[in-house]
Amino acid sequence: MEKFAKRKEFLAFCRPTIQRDEIEEVVASLESGWITTGPKVARLEEDFMQWSGGQEAIAVNSATAGLHLALATLDLKPGEEVITSPITWPSTVNNIEICNGVTVFADVDRQTLQILPESVESAVTGRTRAVIPVHFAGAPCDLAPLRDICRRHNLDLIEDAAHAVGTMYGEELVGSKSEVAVFSFHPIKNMTTGEGGMILCSDSERSRRMRRLRFHGISRDAWKRYAKGGLPQYEVIEPGYKYNMLDIQAAIGIHQFRKLDSFNRRRKELAENYFKLLKDVPEIMPLLPPDYPHRHAWHLFVVRLDTDAVSIDRDEFMLRLQEKNIGTGLHFPAVHLQKYYREKYGFRRGMFPNAEWNSDRLFSLPLYPLLEEEDQEYVVRCLKVIIEKYRKKGAGC
Ligand SMILES: Cc1ncc(COP(=O)(O)O)c(C=O)c1O
């Protein structure tokens, strides 16, 4: 095994690309006297509306908030069910519980981690109201069969597009034809506003309601009440939340959005380089891109450790990488095996085998536009060294 020096600096799992234009726009916002929801949020919404070909665009302070609004507008009745993926960030699922829904999981494809339409179909009952597929890691889920299931059973389709800003399903930009799709602008995402999210929605009535619920359920937001010509009066239409995005956040987002294509192109280059570097490392198995036509946004580069080949588990493997100054991510341990869901629903191992197999083996390698090819080479060399050290006798070469 080739010898090489340990990096001096920690290689973060993720780092946002923040440049002069974002910084200057934030400063302009701070100096303008208007820092909460206002003209910059309106501009970011307009940008998303244009980009999506005319969808309603509602900026929120996180994708979690956006998913909550999407689910809240279903007005679930006790006992009504929502189907989603067990391989997601907890907020996708927590929101179902918060909206008094019954959580139902459908297993994912073992190689792509996209929800399986046939598992969704077999999970539908007379009480099902909605399906929340997750466009996992920046690849699209298989929307055509999911839409077909939803149409036949009269279900709502809420797309968790937190990873998928810029993803295409065939010729369709994710979000551009959705009933509801929600993007995340968390700092590790393909574009950021610090924290934040955007809802795209094709239904103007539902959009109006989500917009109102975003800000206390009142008839006018602060910009409309306090800006020149605005009237401070308001009326509560229904109790709502405090999920509005700040202009300070949108100031970052306006410039990030302009660079989205170049960010995503760089992510793609880096992902392709990982595939090349990992070709002779069979113990590290990247997710496979789906076999239907798509454009991947490469939000994450998720790999699975062949735990039959080495004598340490995934968690210890991640620690060994950390000792070599490499940060990794965990996207995601299966939600059905988390305490709350196990105890409430009696979910246990064996129920969603593909999710569980991946849940025990997956982790994410550093991937972001500022990453350099030599960083990737260092990561892959370290992967090989650790595998060599812990290789089980008789396994592999
Ligand atoms: C699949 C998925 N859905 C929803 C969210 C929530 O996004 P946010 O952090 O913007 O609330 C995340 C965040 O990582 C996510 O990965």
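Student: What should I know before I start?
Tutor: The model is predicted: local features need pLDDT of at least 70, side-chain atom pairs count only at pLDDT 80 or more, and totals for chains, interfaces and linings use all residues. Residues are numbered from 1 along each chain as its sequence is written.

Student: Is strand E8 mostly covered or uncovered?
Tutor: Mostly covered. In E8 (residues 180–184), 5 of 5 residues are buried. Buried means 20 or more other C-beta atoms within 10 Å of the residue's own, with C-beta atoms placed from the backbone. Strands are DSSP runs (E, at least two residues) and helices are too (H or I, at least four), numbered from the N terminus.

Student: Which residues of E8 point which way?
Tutor: Val180, Val182 and Ser184 point one way. Ala181 and Phe183 point the other way.

Student: How does E8 pair with E9?
Tutor: Antiparallel, over 5 bridges, with E9 at residues 197–201. Pairing needs at least two DSSP bridges between two strands. Val180 stands opposite Cys201 there.

Student: And how does E5 run against E8?
Tutor: Parallel, with 3 bridges joining E5 (residues 156–160) to E8. Asp160 stands opposite Val182.

Student: Last one: what order do the strands take in the open sheet?
Tutor: E7-E6-E11, with antiparallel pairing. E7 (172–173) and E11 (294–295) are the edge strands.

Definitions and conventions:
Buried ≥ 20, exposed ≤ 12 C-beta atoms within 10 Å, placed from the backbone.
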